[in-house]
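Welcome, and take a moment to look over the model below. The report then walks through some of its features, starting with aromatic rings.

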Amino acid sequence: MSKDPHLLILGGTAEARRLAAALDGRPDLRVTTSLAGRVTRPAELPGEVRVGGFGGVPGLAAWLREHGVTAVVDATHPFAGTISEHAAAAARQCGVPLAALRRPGWEPVPGDRWHPVASLAEAAAPLPELGPRVFLTTGRLGLAAFAHLTGLHFLVRSVEPPDPPLPPSTVVLLDRGPYTVEGETALLREHRIDVVVTKDSGGAATAAKLRAARELSLPVVVVRRPPGPEGVVTMPDVATVLEWLQAV
């Protein structure tokens, strides 16, 4: 990296925390992790931390210039499409190298009963045919897509209280992974779940529900990831990003 390098990590994921930890204490590198501020009690992070939005592409580009950022790693959630698009545009404007750190998505295996869809709205459509009791694990945002399903019962799990509107018959479970197959299996049985709805977040922390659903022969509606910004290099793990940083 160049003289007096400053790395901006767009964070909010376990991968972002691991990257910040791997770079912590390096005297030749300043690291700032930016969080959107949607979680009230985020996990502790090493290095400098800023919280809040940038004000779109112009604000982010101005921040990159003002703070002398020499590289950006977009380690946001795979479904945080807006900030990823803004980061790509701002980095291009400023001539700053950018890479996306994305955990690989999940892949179905024999025994899975997956129903891939492109959006939360599409995820809602098949539920009346798949069963009356739904385990909804798509996060706290966007649940209005399911609010019209008055004949179904939902168990909604999220880290923070979900944003309304919600389906009229909803139980909210506030919890944070990682989860175990045993725990997920017990949860599905306790609530007599008929179908699971999830986003393809990837990673091991929340993958146990997929195995539990497979073992119970439950259908899973999987919201596919949106495509990332065009031209952005995507890396699957922290080790690959560390190699990339040595070359930029």
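## Aromatic rings and charges

Two aromatic pairs are counted in this predicted model, where rings of Phe, Tyr and Trp (its six-membered ring) pair if their centres lie within 6.5 Å, with planes under 30 degrees apart counted as stacked, over 60 as edge-to-face and the rest as tilted. One of them joins Phe54 and Trp63, an edge-to-face pair with 5.7 Å from centre to centre and 75° between the planes. Phe54 and Trp63 are both buried; here buried means under 20% relative accessible area, exposed over 50%, and partly exposed in between, using a 1.4 Å probe and protein chains only.

As for ground rules, residues are numbered from 1 along each chain as its sequence is written, and side-chain values use heavy atoms, leaving out hydrogens and water. Because the model is predicted, local features need pLDDT of at least 70 and side-chain atom pairs count only at pLDDT 80 or more, while totals for chains, interfaces and linings use all residues.

Helices (H or I, at least four residues) and strands (E, at least two) are DSSP runs, numbered from the N terminus.

Helix α1 (residues 14-23) packs on helix α8 (residues 238-247) at an angle of about 50°, and their axes are 10 Å apart. α1 is therefore oblique to α8: angles under 35 degrees count as roughly parallel, over 145 as roughly antiparallel, 65 to 115 as roughly perpendicular and the rest as oblique. The axes are lines fitted to C-alpha atoms, for helices over the stretch in contact, and angles run from 0 to 180 degrees between N-to-C directions. Among the residues that meet are Leu19 and Leu23 in α1, and Val241 and Leu245 in α8.

Helix α6 (residues 181-190) and helix α7 (residues 208-215) have axes that come within 8 Å and cross at roughly 55°, so α6 and α7 are oblique to each other. Contacts here include Val181 and Leu188 in α6, and Ala208 and Ala212 in α7.

## Loops worth a visit

Two cis peptide bonds can be found in loops. One runs from Pro164 to Pro165, with omega near 0°, and Pro165 lies in the loop between β8 and β9 (170-174). Another joins Gly177 and Pro178, with omega about 10°; Pro178 is in the loop between β9 and α6.

Which kind of phi does Arg192 have, positive or negative? Arg192 has a positive phi of about 55°, although it is not a glycine, and at 54% relative accessibility Arg192 counts as exposed. Ser217, also not a glycine, has a positive phi of about 60° and is partly exposed, with a relative accessible area of 42%.

Technical notes: Contact means heavy atoms within 4.5 Å.
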